Structures are given as C-alpha cells and as structure tokens.
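Please consult the sequence and the structure shown here alongside the text.

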Amino acid sequence: MTALTSENCSFQYQLHQTNHLLDGNCLLFVIILGKILLNILTLGMRRKNTHQNFMDYFCISLAFIDILLLVNISIISYFRDFVLLGVRFTKYHICLFTQIISFTYGFLHYPVFLTASIDYYLNFSKTTRLPFKCQKLFYFFTVILIWVSVFAYVLGDPAIYQSLKVQNAYSYQCPFYISIQSYWLSFSMVIILFMAFITSWSEVTTLVQAIRITSYMNETILYFPFSSHPSYTISSKKTLLPKFIICFLGTWLPFVLLQVIILLFKVQIPAYIEMNIPWLYFVNSFLIATVYWFNCHKLNFRDMALPVDPFVNWKCCFIPLTIHNLEQIEKPISITVDMVPC
C-alpha cells in the first residue's frame with residue numbers, strides 16, 4: 001500500500017512538472033510571436049529611401065533569428081520527443097535553445113553599438129567608398145561574423161556552459177539571462193539625453209512654443225524658426241542641440257520614458273525579449289544624432305550624402321526651408337527663406 005502511494009505521488013509530481021513546462025512553453029511561444037510581429041511592424045514603418053547601413057542588415061538578421069527560434073519551439077512542442085540526425089530532441093530543448101539565444105542576444109549590445117558607430121563614422125568621413133554591391137556584401141559578412149563570434153563565445157565560455165548544465169539538472173525551471181550590457185547602454189543614453197535637455201531646456205522650450213504644424217505631401221510637417229543663413233553649412237553645436245532634442249524626442253519620447261521606468265524600477269527583462277528591432281532603431285537614431293552633432297562644422301547638404309535615419313528626419317535641423325502655397329501640395333519646396341520642415 002505504501003509503495004502504491006509513493007508511485008501515485010511520483011506520478012502526480014511528474015504530471016504537475018510536465019503541465020508546468022507546457023504552460024511555460026506556450027507562454028514562451030506567445031512572447032516570441034508577439035516580438036516577431038513587433039519586429040515586422042517596425043520594419044514596415046521605417047522609411048524605404050534610406051542608404052544601406054550596418055544597422056539595417058543586423059535588424060533583418062535579428063528578425064530572421066527570432067523566426068528561426070519560433071519555428072524550433074513550434075516543431076519541438078508539436079512532436080515533443082523525436083530524433084533528428086542522430087540527436088534526440090525533447091521538450092526540454094525548448095528551454096535550452098532559448099537560454100542559448102538569450103546569452104547570445106545579451107552579449108550583442110556592445111558589438112552592435114560599436115560596429116554601427118564605426119560604420120557611421122566611416123560613411124560620414126568618406127574615408128572609404130565601396131561600390132554598392134561590395135558594400136552590401138561587406139555588411140552581410142560583417143553581420144554574420146558578429147553572430148558567429150558571439151555565438152562561439154557563448155558556447156565556449158566555461159561559466160555559461162556550467163550555468164546551462166546546472167539549470168538542465170532542474171529542468172522544471174527555465175531562468176533566462178538578463179543582459180548587463182543593455183542596462184548600461186540604456187543608462188548611458190538616458191543620462192546623456194537628460195544632461196543635454198538640462199543644458200538647453202530654455203532653448204527647447206522656446207522652440208517648442210514657436211513650432212508650427214501643417215501637412216505637406218500627406219505628411220505632418222513641423223516648422224522650426226530659423227535665422228537667415230547664407231549657405232547650408234551649420235557650425236554651431238549650441239544652436240543644433242535643442243533642435244536635435246526636439247527631433248529625437250518627437251519620435252522616441254515613449255521609448256525614452258519606457259527606458260526610464262525600466263531603470264528606475266530595475267525591471268529585469270530576459271535578453272531574448274530586450275534585444276529587439278525597436279530598441280536597435282532607437283540606438284540607431286541616437287548614434288546618427290551624435291555623429292551629426294560632433295561633425296556639424298563639416299555638414300554641407302548640397303554636396304554630401306549623409307546617413308539617413310529610418311524614423312527621424314534630421315535634415316529639418318539644418319536646412320532652412322519654406323513651403324510656399326501649402327494648399328498646392330504638388331508644388332516644389334523653395335529653399336530660400338527662414339523656416340524648416342521636419
């Protein structure tokens with residue numbers, strides 16, 4: 001009778017463990033699916049007439065890896081226990097694969113940030129100018145190199161391997177890696193934005209009060225007040241800073257507030273969620289603004305093809321424009337007076 005009771009308890013424990021794991025796998029499936037839909041929405045909302053750059057290629061690769069992870073989760077969840085190429089896959093591999101992806105995503109923030117910074121610096125300085133096809137191949141292989149390098153580091157690190165091994169011993173639990181890189185990157189950008197806003201808050205307030213809003217070519221346009229300029233070259237960092245802040249926050253203010261909330265309340269987000277395309281384009285806009293600001297004395301929009309942001313139109317901070325006869329949408333823009341569309 002005692003043995004029967006022990007068997008029943010063991011069976012009930014295994015059943016509870018299996019149900020708990022299945023619930024976790026379903027939740028993981030929903031989260032990854034929601035992230036993929038968010039990635040697709042973000043890629044669909046971006047401007048299509050932008051120049052080729054590293055960040056665009058990496059965002060597409062990230063979307064592909066997320067889809068690949070979702071496919072693996074779906075296949076393993078459906079078949080539960082099967083053998084492929086001599087390797088047995090069970091429902092516990094869902095947790096293992098997601099943990100490996102979390103570690104990989106968590107270590108990608110610094111390499112992607114540094115590579116994108118170098119890419120924009122080289123494009124801006126024009127130290128190298130590759131043909132279009134060669135540039136595409138260069139970005140493609142650079143993205144692959146970064147993925148392979150970080151993935152190899154994750155699989156080869158003894159500490160990570162030991163962590164995965166220990167967690168596998170308690171298979172009913174599936175903790176995910178929390179990236180410290182994303183925390184410090186987000187903290188640094190928020191602090192820089194805060195300091196920039198404090199430094200020029202009076203100019204920002206004045207510009208916000210002077211902004212005019214209208215519609216041109218089915219797009220909402222903001223007008224900044226400009227003094228007369230004899231040319232397109234801008235040399236004052238102090239003049240540009242409040243315009244940069246307004247343009248950046250005009251697009252990314254909800255995301256900035258989200259980062260502030262995450263930092264203040266120390267919200268721990270798994271790395272496989274935190275590395276997403278909206279976050280990468282947020283970082284991308286920050287990098288472009290930084291490159292523009294540090295090199296504002298070199299800017300000349302008449303003979304210079306600068307990096308184009310998929311979400312923020314930075315040219316509105318530089319070029320004084322006036323649109324005459326806004327009712328007649330098809331008429332061209334006249335580049336002579338002292339207001340600028342954004």
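## Buried charges and salt bridges

Lys-35 is buried, with a relative accessible area of 7%; buried denotes under 20% relative accessible area, exposed over 50%, and partly exposed in between, with a 1.4 Å probe and protein chains only as cover. The model is a predicted one, in which local features need pLDDT of at least 70 and side-chain atom pairs count only at pLDDT 80 or more, while totals for chains, interfaces and linings use all residues. Residues are numbered from 1 along each chain as its sequence is written, and side-chain values use heavy atoms, with hydrogens and water left out.

The partner of Lys-35 is Asp-66, with which Lys-35 forms a salt bridge whose closest N and O atoms are 3.3 Å apart. A salt bridge is here a side-chain nitrogen of Lys or Arg within 4 Å of a carboxyl oxygen of Asp or Glu. This pair links distant parts of the chain, since Lys-35 belongs to helix H1 (residues 2-45) and Asp-66 to helix H2 (residues 54-79), 31 residues apart. Helices (H or I, at least four residues) and strands (E, at least two) are DSSP runs, numbered from the N terminus. Asp-66 is also buried, with a relative accessible area of 0%.

How many salt bridges does a search of the whole structure find? The search finds two. Besides the pair of Lys-35 and Asp-66, Asp-56 forms a salt bridge with Arg-46, with the closest N and O atoms 3.4 Å apart. Here too distant parts of the chain are linked: Asp-56 is in helix H2 and Arg-46 in the loop between H1 and H2, ten residues apart. Both Asp-56 and Arg-46 are buried.

## Annotated spans and cysteines

According to an unreviewed UniProt entry, the feature "transmembrane region" is placed at residues 27-45, 57-79, 91-116, 137-156, 176-198, 244-265 and 277-294. UniProt positions are given in the numbering used here, feature names are shortened, and annotations may be inferred rather than shown by experiment. In the model, residues 57-79 are 100% helix and 0% strand, with end C-alpha atoms 33 Å apart. Residues 244-265 are 95% helix and 0% strand, and the end C-alpha atoms of this span lie 28 Å apart.

Zero disulfides are found in a search of the whole structure, a disulfide being a pair of cysteine sulfur atoms within 2.5 Å. Cys-59 is buried, with a relative accessible area of 0%, and Cys-247 is buried at 5%.

## Helix H3

Helix H3 (residues 92-106) has 15 residues that should span 21 Å at 1.5 Å a residue, and its end C-alpha atoms are 21 Å apart, which agrees. The expected span is 1.5 Å times one less than the number of residues in the helix. Because twelve of the 15 residues of H3 are buried, this helix is largely enclosed by the rest of the structure. The buried residues include His-93, Cys-95, Gln-99, Phe-103 and Tyr-105.

## The nonpolar patch and contacts across the sequence

A nonpolar patch on the surface has about 1,100 Å² of accessible area and includes Tyr-110, Ile-180, Trp-184, Phe-187, Phe-194 and Trp-201. Patches are made of residues with over 30% relative accessible area and no salt bridge, like charges being joined within 9 Å and nonpolar side chains (Val, Leu, Ile, Met, Phe, Trp, Tyr) within 5 Å. Accessible areas come from the Shrake-Rupley method with a 1.4 Å probe; for residues, only the protein chains shown count as cover. Helix H7 (residues 180-199) gives the most to this patch, with nine residues.

Phe-187 lies in helix H7 and is partly exposed, with a relative accessible area of 33%. Ile-262 is found in helix H9 (residues 237-264) and is buried, with a relative accessible area of 14%. Phe-286, in helix H11 (residues 277-294), is buried at 10%. The table lists pairs that are separated along the chain, with their C-alpha distances.

| Pair | Separation in sequence | C-alpha distance |
|---|---|---|
| Ile-262 and Phe-187 | 75 residues | 9.8 Å |
| Phe-187 and Leu-264 | 77 residues | 10.0 Å |
| Phe-286 and Phe-244 | 42 residues | 9.8 Å |

## A loop residue

Lys-266 lies in the loop between H9 and helix H10 (271-274). Although Lys-266 is not a glycine, this residue has a positive phi of about 50 degrees. Lys-266 is exposed, with a relative accessible area of 65%.
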